[in-house]
Amino acid sequence: MQRIGVFVCWCGSNIAGTVDVHAVAEALKLEPGVVFSIDYQYMCSQAGQNIIKEAIAEHKLTGIVVCSCSPRMHEATFRKTAQAAGINPYMVEIANIREQCSWVHKEMPIGTEKAIILGKAAIAKVNLNAPLTPGESPVTKRALVIGGGIAGIQTALDIADAGFEVDIVEKKPTIGGKMAQIDKTFPTLDCAACILTPKMVDVAQNEKIRIFSYSEVTQVKGFVGNFDVTIKKNARYVKEDLCTGCGACVEKCPQKKVPNEFNLGMDNRRAIYIPFAQAVPKVATIDPNACNMLKNGKCGVCSKVCAAGAIDYTQKDEFIEEKYGAIVVATGFNPISMDKFDEFAYSQSKDVITSLEFERLTNAAGPTAGKLLRPSDGKHPHTIVFVQCVGSRCSSCAEKGKEYCSKICCMYTAKHAMLTRDKYPDTEVYVFYIDVRTPGKSFDEFQRRAVEEYGVHYIKGMVGKVAPEGDKLMVHASDMLANKQLHIEADLVVLAAAIEPDKSARPLATMLTASMDTNDFFTEAHPKLRPVESPTAGVFLSGACQGPKDIPETVSQASAAAAKVIGLLAKDKLTGNPCIAHSDEMMCNGCSSCERVCPYGAITYQDKEFRMPNRTTAIRRVASVNPAVCQGCGACTVACPSGAMDLRGFATKQIIAEVDAICK
């Protein structure tokens, strides 16, 4: 039997407000193995930790139970405290009486009763705990950044500046991401390309950085410090080492009616193309779905005009395997589809566009060379209506929109309105909004300038319908402050579409065994204390893959993720998690069930010789766990039909003891 100390935290009034902490401490004194029990206002404070250390020394404790907040918050804190006092850190258990009691129960008797039950369960487990010793594993000093937008670029540059090698995998033919499509940035209205393209060049010229463009991650194995990653490099049908980016092939290609993805389909490109002038790498790519040579073997013009001999119609997809110590996810975002928002006539009129399409119309490198022209007839619009929150904050229409705020829309709409009025003073600009959200530095002042200096009409109200009538768009809306209906004849309607994670995020999260929320944004390990770390060790988050962000916030988080990666790669060895699986070879029947479900490839099988009761020997096939690879997920223990697989620190008998304590 262990000598257990119980320490109940008030957490200020977070716990003590709805849990009688003194009653909990007194009740747990009576449990088997408990020799000391106390409550204190802030157990995680220096004074609280000293109470634990003194109790360990005075009462010769061999295990401790801390009834406090989530183990995600302070389990590491209390383990260090126990270790400093001479107790194995894995003899510490946390009973979460904040999130699971005080935060969900308003009545003190109910919260107190539940807290006592959770404390009993933790005590029952500690009584069966055994000291564990973590192992060590080497660190591969190379990082992988998945996504080549501004988040991935900034992360890669910071890691490389610290002296570590880093690879960027980008699914598009060039790095740059959404920022490459933007004209100006708020709140300074400086040129997006002027900020971004020098960084793109820095990435290309940095000897520590490799760019895998037009590529994607197809498989991830391993664990923190030792990830094995397979990268699929899609066939460009152009040799990157030979292509000079001269553009001769693009000029001569006869297939010129392919929708241009970079300009969001608002103009056409050739079958062989370079996405934009500042592309990195500046290498041509052949679209196999549009190229006549690849489809039916008839053409070959680009090969004939290429002086460098870079065209290769026989090129195949290439699979590259690399090892990494850390992985950064920077997969970015996309605007949601407007197909379900028929009330705004997006699918009915070319003159109803999204905000990102408006960016391309006003960009000097866009389909209209920066001139604000209506897509339908090329005429200058004199009345423009901007509609906010299209698909955002959509609690009543969650089946087609998003319940969350997309965060960036209020500011970029103000930017669009200001730039329009500045360049075309004869244009009337209306903005329909639910409310204006401008929480960043100088953001509120920026938005007020749109109203006070540029004369933009901000109307608090909703647009109910947009109806095409001839060459006009009839906008039917409500003005909630004036309490009246409005009918505006518009030449152009711009929809501030909600943003969502890139479609690659969900399958990538599965490969990384990373957590996601219900909106497919990656979940951080802790929103306050570990905001750029995934719950999966060695996987870090950068930019809008974790939630809606503007460019300044994205760059800040990218550098924060890089700092965490640098801290990891600076270590020669990592201390592993000792809570790993192990096999009882006498019970194992060699069925391979555990091997099939292991996401880390930690389980193999080997033939072993066993001495039988009659003194003869027999060869049996049994499971063997690689302790350096196992991450203690527990999938094998569930899958094992014979009960041979178990998890140190979370053994079946320990779990059953907890359940028994709860059910008594």
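Modeller: **A three-strand sheet**

Happy to. Strands S24, S25 and S26 make up an open sheet, in the order S24-S25-S26 and with antiparallel pairing. S24 (463-469) and S26 (484-490) are the edge strands: each has a single partner strand, so one side of each lacks a neighbour in the sheet. On average, neighbouring strands here are turned by 20 degrees against each other, direction ignored.

A word on terms and on the model. Strands are DSSP runs of E with at least two residues, helices are runs of H or I with at least four, and both are numbered from the N terminus. Two strands pair if DSSP finds at least two bridges between them. The axes behind the angles are lines fitted to C-alpha atoms, and angles run from 0 to 180 degrees between N-to-C directions. This is a predicted model, in which local features need pLDDT of at least 70 and side-chain atom pairs count only at pLDDT 80 or more, while totals for chains, interfaces and linings use all residues. Residues are numbered from 1 along each chain as its sequence is written, and side-chain values use heavy atoms, leaving out hydrogens and water.

Back to the strands: S24 pairs with S25 (residues 472-479) in the antiparallel sense, over six bridges. Across that pairing, Pro468 stands opposite Leu473 in S25.

For another strand, look at S20 (residues 352-354), where Thr354 is found. Thr354 has 9% relative accessibility and so counts as buried (under 20% relative accessible area, with a 1.4 Å probe and protein chains only; exposed is over 50%, partly exposed in between). Leaving aside residues up to four places away in sequence, Thr354 touches Met338, Tyr346, Val494 and Leu495 (contact means heavy atoms within 4.5 Å).
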